[in-house]
Amino acid sequence: MRSIWNGAISFGLVSIPIKLVNATQNRSISFRQIHTEDGGRIRYRKVCELEDREVDQSEIGKGYEDADGTIVPITDEDLSHLPLPTAKTIEIVAFVPAERIDPLQMDSAYYLAAGGAQAAKPYTLLREALKRSQKVAIAKYALRGRERLGMLRVVDDAIAMHGLLWPDEVRAPEGVAPDTHVTVNDKELDLADALMDTLGEIELDELHDEYREALEEVVAAKVSGEAPPESPEPAQSGKVLDLMAALEKSVRAAKESRGEEPAEPDETAEPAEAEVRTLPQRKSARAAPKQAAGRKSASGGKPAAKKAASSAKKSTSKSAQGAKKSAVKSTAKSTAKSSTSSKTAAKKTAAKKTASRRRSA
């Protein structure tokens with residue numbers, strides 16, 4: 001690993017030459033800025049304002065801007081003469097228990113490598129002293145133009161240093177916690193403890209960056225000219241408003257995911273307090289209208305029979321009335337026919353008599 005800083009650890013009157021190397025690496029996928037119309041790279045060029053030309057990195061130095069806008073050049077030689085003992089030295093100032101360090105203060109992490117064969121003995125001495133004391137060392141050092149605070153601890157057979165923020169750089173959590181008074185009862189705490197026990201522990205080595213893996217799949221698909229993979233739809237979970245129900249459901253789900261049988265609900269348990277509300281079950285609410293409809297159909301058998309009988313009576317009366325009307329019509333037609341035929345016969349008889357009288361005359 002390439003060193004980024006060379007110096008020494010000051011351990012009382014003991015000086016340990018060391019090299020500072022990065023203990024972490026950034027594995028995230030980086031992108032380039034491009035022109036969306038033609039895919040051309042977008043670059044940021046360093047231009048001198050006075051000469052209006054692009055300058056090389058070797059021509060670039062440091063400068064401090066004064067209040068009136070004047071730029072004061074600061075060279076590396078100027079920085080090397082800083083009146084600080086930590087300019088090239090990691091100065092240990094105290095040894096404290098690791099619990100004294102607030103994780104909010106932790107910043108970048110580095111490994112301290114022994115700087116040559118002559119540093120092996122004092123390096124090992126400091127490492128073993130830290131192991132036996134079960135403490136961490138608090139130190140000051142200068143890096144990238146400022147003095148910093150660090151914590152030295154043992155990692156395997158090496159000494160690691162965590163950069164720490166100064167105490168005044170950590171903000172107080174003002175206005176972050178809820179401003180309303182909330183009471184948590186013992187049963188809710190018991191369920192929360194049960195959920196923590198069910199989830200258990202995990203080896204941090206088993207965790208990995210799923211976002212980076214998915215992004216790599218998308219990039220690989222684009223490079224090969226294939227369609228990017230579709231993202232799975234997130235599981236839809238019901239909105240649970242009751243805290244107790246949410247905790248119980250979480251415990252059951254955690255046990256089922258581990259292949260454990262969820263415990264049966266304790267029917268002899270004491271009833272919950274008044275503030276705990278039981279969620280309504282949707283299935284029973286939906287089944288109620290069906291049962292009511294069944295009752296209505298069962299009790300509605302008699303009215304249906306009455307309606308059927310009434311309709312039968314109406315159809316019978318209608319058919320009887322129709323028969324009577326047709327009989328009256330047929331009788332009237334026959335009477336009219338008989339009267340018409342008798343009139344015709346009388347006319348024929350009168351005509352014969354008149355004809356016989358004319359003949360006799």
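**The whole chain**

The model is predicted. Its protein chain contains 7 helices and 11 strands. Of the 361 residues in the chain, 15% are buried. The chain exposes about 29700 Å², and carbon and sulfur atoms supply 53% of that area. If you look at contacts between residues at least 6 apart in sequence, 60% of them join residues at least 24 apart.

**A buried histidine**

His 162 has a relative accessible area of 12%, so it counts as buried, the cut-off being under 20%. Its side chain makes a polar contact of 2.8 Å with the side chain of Arg 153. Leaving aside residues up to four places away in sequence, His 162 touches Arg 153 along with Ser 108, Ala 109, Leu 149, Gly 150 and Met 151.

Most residues other than glycine have a negative phi. Asp 52 is not a glycine, yet its phi is positive. Gln 134 is likewise a non-glycine residue with a positive phi. The table shows where to find them.

| Residue | Phi | Loop between | Relative accessibility |
|---|---|---|---|
| Asp 52 | about 55° | strand 3 (47-48) and strand 4 (53-54) | 63% |
| Gln 134 | about 55° | helix 2 (120-133) and strand 9 (135-143) | 70% |

Are these residues buried or exposed? Asp 52 counts as exposed because its relative accessibility is 63%, and Gln 134 is exposed too, at 70%; the cut-off for exposed is over 50%.

Key: Residues numbered from 1 in each chain as written. Predicted model: local features only at pLDDT ≥ 70, side-chain atom pairs only at ≥ 80, totals over all residues. Heavy atoms only, no water. Helix = DSSP H or I, 4+ residues; strand = E, 2+ residues; numbered from the N terminus. Buried < 20%, exposed > 50% of the residue type's maximum accessible area, 1.4 Å probe, protein only. Contact = heavy atoms within 4.5 Å. Areas by Shrake-Rupley, 256 points an atom, 1.4 Å probe, with all protein chains shown as cover. Polar contact = N/O pair within 3.5 Å; in protein donor to acceptor, adjacent residues only side chain to side chain.
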